[in-house]
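Q: I am new to reading protein models. Can you take me through one, feature by feature?

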Amino acid sequence: MKNKTFEVIIIGGSYSGLAAGMSMGRALKQVLIIDSGDPCNKQTPYSHNFLTHDGRKPSEILMIGKQQVQLYDTITVINGMAIGGIKTKNGFEISVASGETYQAGKLIFATGIRDTMADIDGFSACWGISVLHCPYCHGYEVRDEKTGILASLTNDT
Ligand SMILES: Cc1cc2nc3c(=O)[nH]c(=O)nc-3n(C[C@H](O)[C@H](O)[C@H](O)COP(=O)(O)OP(=O)(O)OC[C@H]3O[C@@H](n4cnc5c(N)ncnc54)[C@H](O)[C@@H]3O)c2cc1C
């Protein structure tokens, strides 16, 4: 890539990062989206409760998002893991695992969250499939089935 200086760098190119990128790109900002391709819902077979995408595979929704975003010549998307960043005089310099560095005046983190798996045999293998974190997203599909509820308490009073 010739141009390594952008107006905005977005780290994370899943739903939030792509949405932010589209808004910025449509506002004629030169945007770089860096994505390592590991969204939190990757293991769930189908997404629900998301109007116009109900029942679609998460990977399909992301593919459509990426295709739409890449139609804008203001937006560049690369696959890679951002591994470091420094504040510079004019903004930020972000380094990627490949060894490349990119500069921008503004930085957006859209890196999502990491779910902490319970230390129970099979828990992480079933995450998003039969271990369900959200009744609104996946409850309907298991309606009338036997359900166990795992709740955790914090020490906060
Ligand atoms: C199991 C499960 C099932 C779900 N099912 C549904 C559903 O049916 N319907 C619904 O509406 N919602 C569902 N959700 C919620 C939905 O998946 C999240 O709201 C959504 O993924 C959040 O998007 P995000 O872009 O913030 O984060 P994520 O989708 O997690 O994406 C973060 C992105 O940032 C990238 N990233 C992180 N660090 C770096 C780095 N250093 N450098 C480069 N890239 C990086 C990751 O690779 C990833 O692509 C589900 C969530 C889970 C966990």
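Q: Is N41 buried or exposed?
A: Start with the cut-offs: buried means under 20% relative accessible area, exposed means over 50%, and partly exposed lies in between (1.4 Å probe, protein chains only). N41 has 17% relative accessibility, so N41 counts as buried. One caution: this is a predicted model, where local features need pLDDT of at least 70, side-chain atom pairs count only at pLDDT 80 or more, and totals for chains, interfaces and linings use all residues. Residues are numbered from 1 along each chain as its sequence is written, and side-chain values use heavy atoms, with hydrogens and water left out.

Q: Where is N41, and which residues is N41 in contact with, leaving aside its neighbours within four places in sequence?
A: Helices (H or I, at least four residues) and strands (E, at least two) are DSSP runs, numbered from the N terminus. N41 sits in the loop between β2 (31–35) and α2 (58–69). Contact means heavy atoms within 4.5 Å. Leaving aside neighbours within four places in sequence, N41 is in contact with Y15, S47 and P58.

Q: How many helices and strands does the protein chain have?
A: The protein chain has four helices and six strands. From the N terminus on, their order is β-α-β-α-β-β-β-β-α-α. The C-alpha atoms fill a box of roughly 55 × 40 × 30 Å, taken along the principal axes. Of the 157 residues, 29% count as buried.

Q: Which residues make up the largest nonpolar core?
A: First the general idea. In soluble globular proteins, nonpolar side chains tend to be buried together. A nonpolar core is a set of buried Ala, Val, Leu, Ile, Met, Phe, Trp, Tyr and Cys residues joined through side-chain atoms within 4.5 Å. Here the largest one has 11 residues: V8, I10, L18, A20, V31, I33, L62, V69, I75, V77 and A110. The elements giving two or more residues to this core are β1 (5–11), α1 (15–26), β2, α2 and β3 (75–79). A second, separate core has 10 residues, among them F6, I9, L32 and I78.

Q: Which residues is A20 in contact with, leaving aside its neighbours within four places in sequence?
A: With those neighbours set aside, A20 is in contact with I10 and I108.

Q: How many salt bridges does the rule count?
A: Side chains of opposite charge can pair when their charged atoms come close. The rule for a salt bridge is a side-chain nitrogen of Lys or Arg within 4 Å of a carboxyl oxygen of Asp or Glu. The count here is five salt bridges. One of them joins K66 and D35, with the closest N and O atoms 3.4 Å apart. K66 lies in helix α2 and D35 in strand β2, so this pair ties together parts that are 31 residues apart in sequence. K66 is partly exposed at 21% relative accessible area. D35 is buried at 9%.

Q: Which parts does the salt bridge between D38 and R114 tie together?
A: The closest N and O atoms of D38 and R114 are 3.2 Å apart. D38 is in the loop between β2 and α2, and R114 is in the loop between β6 (101–109) and α3 (123–126), so the pair ties together parts that are 76 residues apart in sequence. D38 is partly exposed at 32% relative accessible area. R114 counts as exposed at 53%.

Q: What are the domains of the protein chain?
A: Domain bounds come from an automatic or database domain assignment. This gives domain 1 (5–109) and domain 2 (116–157). Their centres, taken over C-alpha atoms, are 29 Å apart. The contact takes seven residues from domain 1 and 10 residues from domain 2.
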